[in-house]
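Student: I have a model open and would like to learn how to read its overall build. Could you walk me through it?

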Amino acid sequence: MDLCGPGGRRSLVVRSFVKPFFVLHAEGLLTREATILRLLGETDLPAATLVAVDATAQYCDQPSLLMSLLPGTVRLGDQGADDRAEALARQLVRIHRLPVTAQQRPRTYQAWTSPQRVTPPAVTERPELWQRAADVIRREPPAYQGCFLHRDYHPGNVLFTGTSDDLHISGVVDWVETSWGPADLDVAHCSTALALLHGVPAGMRFADRYVAAGGTLASAGTAHLYWRLLDALAFAPDAEKVAVPWRELGRVDLTASVLTRRLKGYIASLFDRYA
């Protein structure tokens, strides 16, 4: 929305929850995001500026959060994906280095799946792969050095401006899941998304890009494997929940069969490298 006032023209974004599940949890979700946006407003991270929040729909028709409009666009095409992945890795390192006090620390991360909830594809020639993966996350989580996590960091939540040499991340959005936990978990989530969007090699390279940018991951491969699989298995069996918005943004090639094949190949590659 565009507003005009004594200070001139201003473009704002309203985030409203309308689906019953999100309305039910809106107070906690929007209050948490508002708190994070206030915190980020004191940093140089490219996040929106909080204007107002009505987490209980006291004044609005739906629970809503009002924030500034960030420049840039979401870019999901294969062309230029490597350059964007490099920028994504550098930005993620900056997010993880954000210093916060004990009072500012967000909630501890929550796992988005469990061994009991892992659902393999209805038809698969490698049922043992999915069982092996579920067995990995059946273990107790590895010890970790906690840091500030976006928790839902992936190409669909990052805005870009420019191309090639002047490519620039102009905004990171959707801070509602911000948590405290291992850097590996944010890296895992972005890696899974890249594997589904651009193919298994893209997902496998992201952790290396992150480390090259100055980030630190679990020193033990088995520990890193745990976090990678904890994220990847939340997308089983076919990653359809992410495919819908991606298709709406032009990636109509990401059919259920393509995503299922990529997810399976990605999990197999994780075992080949880190097991």
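Predicted model: local features only at pLDDT ≥ 70, side-chain atom pairs only at ≥ 80, totals over all residues.

Student: How many helices and strands are there in the protein chain?

Tutor: DSSP runs define them: helices are H or I with at least four residues, strands are E with at least two, numbered from the N terminus. Here the protein chain has nine helices and eight strands. Its radius of gyration, taken over C-alpha atoms, is 19 Å, close to the 19 Å from the globule rule (2.2 Å times the number of residues to the power 0.38) for 275 residues, so the chain is as compact as a globular protein of that length.

Student: What share of the residues counts as buried?

Tutor: Buried means under 20% relative accessible area, exposed over 50%, and partly exposed in between (1.4 Å probe, protein chains only). In this chain, 50% of the 275 residues are buried.

Student: And which residues does Leu 88 touch?

Tutor: Contact means heavy atoms within 4.5 Å. Beyond its neighbours within four places in sequence, Leu 88 has contacts including Tyr 153, Val 158 and Phe 206.

Student: Is His 168 buried, exposed or partly exposed?

Tutor: His 168 lies in strand E7, residues 168–172, and counts as partly exposed because its relative accessibility is 48%.

How values were computed: Residues numbered from 1 in each chain as written. Heavy atoms only, no water.
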